Amino acid sequence: MSTVTGVSAADQVPGPDGQKPLQGDRASTGRFGDRLFGGAATVSGVLVIALVTLIAVFLIVQAVPALMDNSANFFTSRVWAPGGDQPAFGILEFLWTTVTASTIAMVIAVPVGVAVALFITQYAPTWMRRAAAGLVDLLAAVPSIVYGLWGLIAFAPVFKPVQGWIEDKLGWFPLFAPTGISGGTIFFIGIVLAIMVLPIVTALSREVFDQTPTAHKEGALALGATQWEMIRTAVLPFGRPGVISASMLALGRALGETIAVTFLVSALSDGSPWTWSLFNGGETFASKIANNAAEFSNPTKTGAYIAAGLVLFVLTFVVNSIARVVIERRKAFTE
Amino acid sequence: MAKRIDVSDLNVYYGSFKAVEGVSMTVEPRSVTAFIGPSGCGKSTFLRTLNRMHEVIPGGRVEGKVMLDDQDLYASSMDPVTVRRTVGMVFQRPNPFPTMSIYDNVAAGLRLNGVKNKKTLDGIVESSLKGANLWNEVKDRLSKPGAGLSGGQQQRLCIARAIAVQPQVLLMDEPCSALDPISTLAIEDLVNELKNEFTIVIVTHNMQQAARVSDRTAFFNLKATGEPGRLVEIGDTTRIFNNPTEQATEDYISGRFG
C-alpha cells in the first residue's frame, strides 16, 4: 500500500501502549535473519539513491560542455541546430509540446480514470467488478507501440473531422486556431496519451478506493448519506493521496512516452512560425531524442540532446516533489 | 424528539440464509433498551434492521414490519436515506472520518442535510459536543483531526456526530467493546443522560453494562447451531436479571452458558 497511498500499512498500526509503530533499528532483534534482511534492504535502498544520483551526474557532466558552446539561449530559443561550428539550440518548442500534450492527457485521464474506478468499486455488480478490474489491469500492460498503431490507423481518421469542427467553431481562440496540420497534432497526441495512461490512473485508484474501511463508509451511510454523498465523505478523501500518486505516475509516463509519440507526431519544419495552437505539430523531448539517436556524432551534438533529456528528468522530478508536498500537507488527516 | 419502535414478526435474511427469525417487540421512547445474547445470535443484525443498515450488506433483506410511531420503515415509498437520518447509529469501533477535523466530523451529518450557515453549524456542533460530554476536552482544538483523539473520545465524537442531526432514535452497536473501563464509564454516563432526549437501543456483550444502563432488556439466542437467531424474552431489566421467565435467559445471565 505504501507506494499507492504514500502511507504505509505500518504507519496505521499503532505499536504497544500507543507507541509509534516499530521502525528501523528498534524493530531489529539483532538475530542473523534480521541482520541479513535488514542489510539487504539497506543495500537496495542505497543502490536506488546512488543510481538516481549517478544518472543525474551523468546527464549534467555530458550536458554542461555542450551548453557552454551553445550560442542560443537554451530555455527561450526555438532553434535546434546543435551541429556545425556555431551550435545553437533551445528547448522552448519541446517544452511547450511536452507539457501541453501531457496536460491534455491528464485533464482527460484523471477525471475519467477516477470515475471508472468509482464505478468498478462502488456501483458495479459484484460479478462485473472482478472482470472489469482484470480488464483494466490488462489495458495498463498493453505496449505503447500498440497504442501508437491504433492511434495512427484507427483513431486519426476519426479525430480529423472532430478537429475540423473545433477549428471551425472555436478557431478564434488562440489555443484552437487552425494551422493546416492534421493528424499528429498536440491535441491528438494528448488524447492518445490520455487513453494510454487511463488504465494506470484507473487501476491504482481502484486499488485505493477498494481499501476504504467499511467502518468509514457505514459511518457516512448511518448519517443518512446517499451513495454519492458517502463516496464524497468517505471514499474520495480516503483515496485522495492514492489518486494523486496514480496521477503522478501517469503524468510521468505521459511526459516521457516515446514510441507512440514518435510514431504519431507531425514534426514541424525548421523556422515554422510560433503558434499557441494545440492543433500545431511539434516534437516532445522524448520523440526529438528518439528521432535523432542516429545523429549523436560529436560530443556537442550529443550533449545538446542530453541537456534536453536533463530537462525532462528535472521536470518529472519537480512534478513528483509537488505531489509529495501535497500529500504530506494533509498527512495528519490521513492517519 | 423520541419515538416508539414497534417490530412485528420480523425475519432477516442474508441471501438465502435466515439470520434472525420472528422478532416482535416494542421499544419505548425516552428509555434505554439493551440487547444481550451470545455471539452470532443476531442481535447486531436485528439492530441494523432498525435503520435499514443491513441493506448495505449484499443480500440483506427483511420480512415483517417495523413501525416508528406511525411510519412504516419498510414502506415502498420510504427511502433508506430518510430512515437513517431519523434513526442514528454508533458503531462498535469508533469511526470518525479520518480526513476531517473534530468540527467537521460533528458537522458532517448537518452538511449532508444542507445546513450551510456557519452560525447554525457552530451552535449545533457546540451543543452536540456538550451533549456527548466532549466539549471541554476538545473546545480548543476543534480544527485538529478527529482521529487524533483517544479511543473513548473518538467514540464520544461519533456519538456527537450522530446526535447532531437530532435523530428520533439512537442505535448503539456494542459501543464500549473497544474501550477501556474508564472510557466505558464515560459512555455509560452519557447514555444515561441521552435517554432524556432520545430513544436508545444498545447492543452489549457485557451483562453488567446492560444491568447498569438499561431500563428494558431483550435476550436473543440461537435455537441451535446453524438455526436463525430469535428473541427469547424482553422485559424490565430488573425482572430479566432477577426473575427471568425463560430457562435459557436464566442460564445465560447466571453464566451457565454462553
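**Note on the predicted two-chain model**

1. Over residues 95–323 of chain A the chain is 76% helix and 0% strand. The end C-alpha atoms of that span are 20 Å apart. UniProt, in an unreviewed entry, lists these residues as "domain: ABC transmembrane type-1". Keep in mind that this is a predicted model.

2. The unreviewed UniProt entry places the feature "transmembrane region" at residues 36–61, 94–120, 132–155, 175–201, 250–269 and 304–327 of chain A. Two of these spans can be set against the coordinates. Residues 36–61 of chain A are 100% helix and 0% strand, with end C-alpha atoms 36 Å apart. Residues 304–327 of chain A are also 100% helix and 0% strand. Their end C-alpha atoms lie 35 Å apart.

3. Helix α12 of chain A. This helix covers residues 299–329, 31 residues in number. From first C-alpha to last, α12(A) reaches 44 Å. That is close to the 45 Å expected at 1.5 Å a residue. Its buried residues are A:G303, A:A304, A:Y305, A:I306, A:A307, A:A308, A:G309, A:L310 and A:L312. What covers them? The cover includes α3 (32–69), β2 (88–89), α4 (92–123), α9 (227–256) and α11 (285–291) of chain A.

4. The largest nonpolar core. It has 144 residues. Those with the most contacts inside it are A:V197, A:V201, B:L170 and B:V201. Which helix gives the most to this core? Helix α7 (residues 186–210) of chain A does, with 17 residues. Over in chain B, B:L170 is in contact with B:G88, B:V90, B:A162, B:I163, B:L194, B:F198 and B:I200, leaving aside its neighbours within four places in sequence.

5. The interface. On the chain B side, 22 residues are in contact with 20 residues of chain A. Three elements of chain B, α2 (80–86), β6 (87–90) and α3 (102–112), each supply at least two residues of the side that touches chain A. By class, that side of chain B has 13 nonpolar, five polar and four charged residues.

6. Strand β3 of chain B. Is this strand, residues 32–36, enclosed or open? Five of its five residues are buried, so β3(B) is largely enclosed by the rest of the structure. In a regular strand, side chains alternate between the two faces of the sheet. Here both faces are covered. B:V32, B:A34 and B:I36 are buried on one side, and B:T33 and B:F35 on the other.

7. Partners of β3(B). Strand β8 (residues 199–203) of chain B runs parallel to β3(B), joined by four bridges. In this pairing B:T33 stands opposite B:V201 of β8(B). B:V201 is also among the residues with the most contacts inside the largest nonpolar core. Strand β9 (residues 216–222) of chain B pairs with β3(B) too, in the parallel sense and over four bridges. There B:A34 stands opposite B:T217 of β9(B).

8. A loop residue, B:P228. It is found in the loop between β9 and β10 (229–236) of chain B. Buried, exposed or in between? B:P228 is partly exposed, because 19 other C-beta atoms lie within 10 Å, and a buried residue needs 20 or more. B:P228 and B:V20 are 208 residues apart along the chain, yet their C-alpha atoms are separated by 4.9 Å. Not counting residues up to four places away in sequence, B:P228 touches B:K18, B:A19, B:V20, B:E21 and B:G42.

How values were computed:
Residues are numbered from 1 along each chain as its sequence is written. Chains are lettered from A and ligands numbered from 1 in the order in which they are written. This is a predicted model: local features need pLDDT of at least 70, side-chain atom pairs count only at pLDDT 80 or more; totals for chains, interfaces and linings use all residues. Two residues are in contact if their C-beta atoms, placed from the backbone, lie within 7 Å. Ala, Val, Leu, Ile, Met, Phe, Trp, Tyr, Cys and Pro count as nonpolar, Asp, Glu, Lys and Arg as charged, and the others, Gly among them, as polar. A residue is buried if 20 or more other C-beta atoms lie within 10 Å of its own, exposed if 12 or fewer, and partly exposed in between; C-beta atoms are placed from the backbone. Two strands pair if DSSP finds at least two bridges between them. UniProt positions are given in the numbering used here, feature names are shortened, and annotations may be inferred rather than shown by experiment. A nonpolar core is a set of buried Ala, Val, Leu, Ile, Met, Phe, Trp, Tyr and Cys residues joined through C-beta atoms within 7 Å. The expected span of a helix is 1.5 Å times one less than its number of residues.
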